[in-house]
Amino acid sequence: LGDGRGRVTLRAVGSQDASALPGPHGQVTALAFSGDANRLLSGGAKGALAVWDVRQRRVTRILTASGAKVTAVALRGDGRVGVAGRADGSLVAWDVVSGRPVARLAGHEQGVRDVALHAGGARLASASSDGTVALWRLPGGTLERRLQGHQGAVNAVDLSEDGRLVLTGGADRTARLWTVVG
């Protein structure tokens, strides 16, 4: 759980025991676990990201890039690559271990609402208020394809494990399943 004061609260399912940890990025706006739940990526209103060691309950790295408020984050299953979508429509992909940006992406005319990373990390999907979903190739950040079909903002996006299916949900009250070849 994240809150407006920049704290991240970790609680085991079914337990009342919780740890509220101060985050370095102001109001918490987005959260994502690694596949094994040992690493957590949090994004904030000030544009920074924090990489957390869940077991040790501490921030291990702060990722900063000039830019707008973080609105969505995703973390590759192995926890090594993270992506932040921003209110200005840009995205930054990070090597969270080294702390270096892997790619800076610009392809939306309005804010990013959700991001999803293919389990292997080669494909990234971003959903935007501009009504589009962008599919990107990583690590280079090449725009692979743009999906259009929703009337209004696209609020949610997910990728199948093999990266060939894209599921989207929009402000138009529809869910769409897209097949992507290649």
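## A strand covered on both faces

Let's start with strand β8: Val81, Val83 and Gly85 on one side, and Gly82, Ala84 and Arg86 on the other, are all buried, where buried means under 20% relative accessible area, exposed means over 50%, and partly exposed is in between (1.4 Å probe, protein chains only). In a regular strand the side chains alternate between the two faces of the sheet. Six of the six residues of β8 (residues 81-86) are buried, so this strand is largely enclosed by the rest of the structure. Strands here are DSSP runs of E with at least two residues, helices are runs of H or I with at least four, and both are numbered from the N terminus.

A quick word on where this comes from: it is a predicted model, in which local features need pLDDT of at least 70, side-chain atom pairs count only at pLDDT 80 or more, and totals for chains, interfaces and linings use all residues. Residues are numbered from 1 along each chain as its sequence is written, and side-chain values use heavy atoms, with hydrogens and water left out.

## The neighbours of β8

Which strands run antiparallel to β8? One is β7 (residues 70-75), joined to β8 by five bridges; two strands count as paired if DSSP finds at least two bridges between them. Across this pairing, alanine 74 sits opposite valine 83 of β8. The two strands make a hairpin with five residues between them, and glycine 79 in the turn has a positive phi of about 75°.

Strand β9 (residues 90-95) is also antiparallel to β8, again with five bridges. Here glycine 85 has leucine 91 in β9 as its bridge partner. The hairpin of β8 and β9 has three residues between the strands, and its glycine 89 takes a positive phi near 90°.

## An open sheet

Elsewhere, four strands line up as β3-β4-β5-β6 in an open sheet with antiparallel pairing. β3 and β6 stand at the edges with a single partner strand each, so one side of each has no neighbour in the sheet. On average, neighbouring strands of this sheet are turned by 25° against each other, direction ignored; the axes behind such angles are lines fitted to C-alpha atoms (for helices over the stretch in contact), and angles run from 0 to 180 degrees between N-to-C directions.

Zoom in on β3 and β4, and you find an antiparallel pairing over five bridges. Phenylalanine 33 has leucine 40 in β4 as its bridge partner.

Most residues other than glycine have a negative phi, and most peptide bonds are trans. Alanine 37 isn't a glycine, yet has a positive phi of about 65°. You'll find alanine 37 in the loop between β3 (28-33) and β4 (39-44), partly exposed at a relative accessible area of 33%. Arginine 57 is another non-glycine with a positive phi, about 55°. Its loop lies between β5 (49-53) and β6 (58-63), and arginine 57 is partly exposed too, at 36% relative accessible area.

Then there's a cis peptide bond between leucine 138 and proline 139, with omega about 15°. Proline 139 belongs to the loop between β13 (132-137) and β14 (142-148).

## The whole chain

How many helices and strands does the protein chain have? Its secondary structure comes to zero helices and 17 strands. Of its 182 residues, 48% count as buried.
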